[in-house]
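The stops below can be taken in order.

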Amino acid sequence: MENADRNEEKVSIWCITSLASIPLVMTLGNSMLIPVLPILEKKVGISSFQSSMIITSYSVAAILLIPVAGYLSDRFGRKIVILPSLLFAIIGGLIAALASWKMENPYTMIIIGRILQGMGAAGAMPIVIPLVGDLYNGDDEKTSATLGIIETSNTFGKVLSPILGSAFAAFLWFLPFFSISAFSLISIILIFFFVKTPKEKEPPVAFKEFWKRVKNTFKQDGSWLIVVFLNGIFVMLVLFGMLFFLSEHLEKGHHIKGVKKGFVLAIPLLLLCIASYVTGRKIKGNLKTIKVIIIICLIIVSASIVFVGFSKESLTLLLIVTSIAGIALGALLPVLDAIITENIQKEERGTVTSFYSSARYIGVAAGPPIMSLVMENYLNTSYIVAGVLGLILLFLVLKYIKVESIGD
């Protein structure tokens with residue numbers, strides 16, 4: 001009881017709000033550009049594949065550096081990694097914005113700025129997940145609930161992204177880049193003043209000993225961890241591929257542009273956000289519930305996304321199909337976070353969750369360029385393949401996620 005009271009005192013509403021600001025800002029930093037990509041293509045004179053690289057460059061930088069950031073956060077502390085990372089996000093946003101504003105051919109500098117932002121994302125957003133586990137160490141119910149809030153902030157960022165991105169770009173097409181830096185600055189201030197990380201009672205272990213522990217963790221729990229990682233890739237691959245397609249198709253197929261397009265894009269994302277919040281509140285660290293939700297969500301995603309291409313001519317039908325998929329994807333996110341965070345020891349938590357975050361960014365990185373290549377001639381085939389992949393993942397979940405052996 002005394003330990004729970006200390007946690008209650010330590011984890012204030014402002015602390016949770018500050019932590020939730022990071023996924024919100026990092027999501028805005030990426031997703032806000034998706035509705036702006038058709039405008040960028042015209043203003044900068046690039047192809048849809050090149051515009052997709054503006055999303056992918058950010059994600060690739062994050063993929064490569066997230067494991068490093070995870071190790072550093074385990075070794076030296078979460079907050080000491082998060083704050084400089086947010087500074088990288090500010091600098092990257094300013095480089096991309098100033099290049100777009102002042103240069104005649106800004107594409108290369110935009111990509112450099114986006115890589116710097118991705119480096120910032122690597123050391124910020126993924127570190128939040130293990131930090132929540134640290135703050136509520138031993139209390140699975142509170143950890144699940146707070147992770148639900150974190151993922152809801154992430155998904156709420158996706159809801160706001162198309163609206164804000166379209167509104168900013170309607171005023172100045174490169175304004176979204178400047179806004180990313182402004183939002184990151186707000187997040188730095190919040191983290192600095194309101195997040196008090198638990199004091200370490202023991203000095204950090206040497207790298208050799210640390211790496212031995214991580215290897216033992218993967219040796220013992222590797223089968224179910226890899227299945228969770230694959231699910232993370234799948235969720236983001238489907239989501240960002242679907243968003244890229246919707247952004248392009250709403251303009252070219254239904255002639256919906258600007259802020260109106262932002263609000264239309266926000267419909268499936270709002271449902272995704274609500275599903276994420278509700279699921280995070282309900283799971284309460286229960287592994288059986290977590291596994292059931294993963295199974296149900298994979299069935300719904302696999303069954304719904306195969307119809308995305310077939311429903312593209314009817315805006316209403318397209319929004320219904322993508323909203324159903326969005327609900328299932330939203331419910332999956334906090335569940336996947338929880339199963340890792342609550343069942344990995346604190347000493348390796350940052351590193352293991354960083355591998356999971358890297359896996360998610362693989363999906364973010366791959367979704368837009370793959371969709372830009374297939375949506376012209378192979379749209380229906382690509383979504384049928386995605387449905388089959390979902391069913392394969394369902395089989396892997398049933399086979400390898402054993403409730404009775406996880407967390408022992």
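This is a predicted model: local features need pLDDT of at least 70, side-chain atom pairs count only at pLDDT 80 or more; totals for chains, interfaces and linings use all residues.

Residues are numbered from 1 along each chain as its sequence is written, and side-chain values use heavy atoms, with hydrogens and water left out.

**Stop 1: helix α3**

Select residues 37–44, which form helix α3. Helices here are DSSP runs (H or I, at least four residues), numbered from the N terminus. Colour Leu37, Pro38, Leu40, Glu41 and Val44, which are buried; buried means under 20% relative accessible area, exposed over 50%, and partly exposed in between (1.4 Å probe, protein chains only). These residues lie on the same side of α3, because they cover an arc of only 160° around the axis, the arc being that of the directions from the helix axis to the C-beta atoms. Now turn to the face away from the buried side: Lys42 and Lys43 are exposed there. Just after α3, select Gly45, which has a positive phi of about 75°.

**Stop 2: helices α8 and α9**

Show residues 140–171 (α8) and 175–194 (α9); their axes are 8 Å apart and the helices pack at about 125°. Axes are lines fitted to C-alpha atoms, for helices over the stretch in contact, with angles from 0 to 180 degrees between N-to-C directions. The angle makes α8 oblique to α9; under 35 degrees counts as roughly parallel, over 145 as roughly antiparallel, 65 to 115 as roughly perpendicular, and the rest as oblique.

Which residues of α8 meet α9? Leu164, Gly165, Phe168, Ala169 and Phe171 in α8 meet Leu175, Pro176, Ser179 and Phe183 in α9.

**Stop 3**

Go to Ile274 in helix α11 (residues 258–283). Ile274 is partly exposed, at 44% relative accessible area.

Next select Ser354 in helix α14 (residues 346–374). Is Ser354 buried or exposed? With 1% relative accessibility, Ser354 counts as buried. Beyond its neighbours within four places in sequence, Ser354 contacts Ile66, Pro67 and Gly70, where contact means heavy atoms within 4.5 Å.

**Stop 4: cysteines**

The structure holds 0 disulfides, a disulfide being a pair of cysteine sulfur atoms within 2.5 Å. From Cys297, the nearest cysteine sulfur is that of Cys273, 15 Å away. Cys297 counts as buried at 5% relative accessibility, and Cys15 counts as buried at 0%.

Technical notes: Helices (H or I, at least four residues) and strands (E, at least two) are DSSP runs, numbered from the N terminus.
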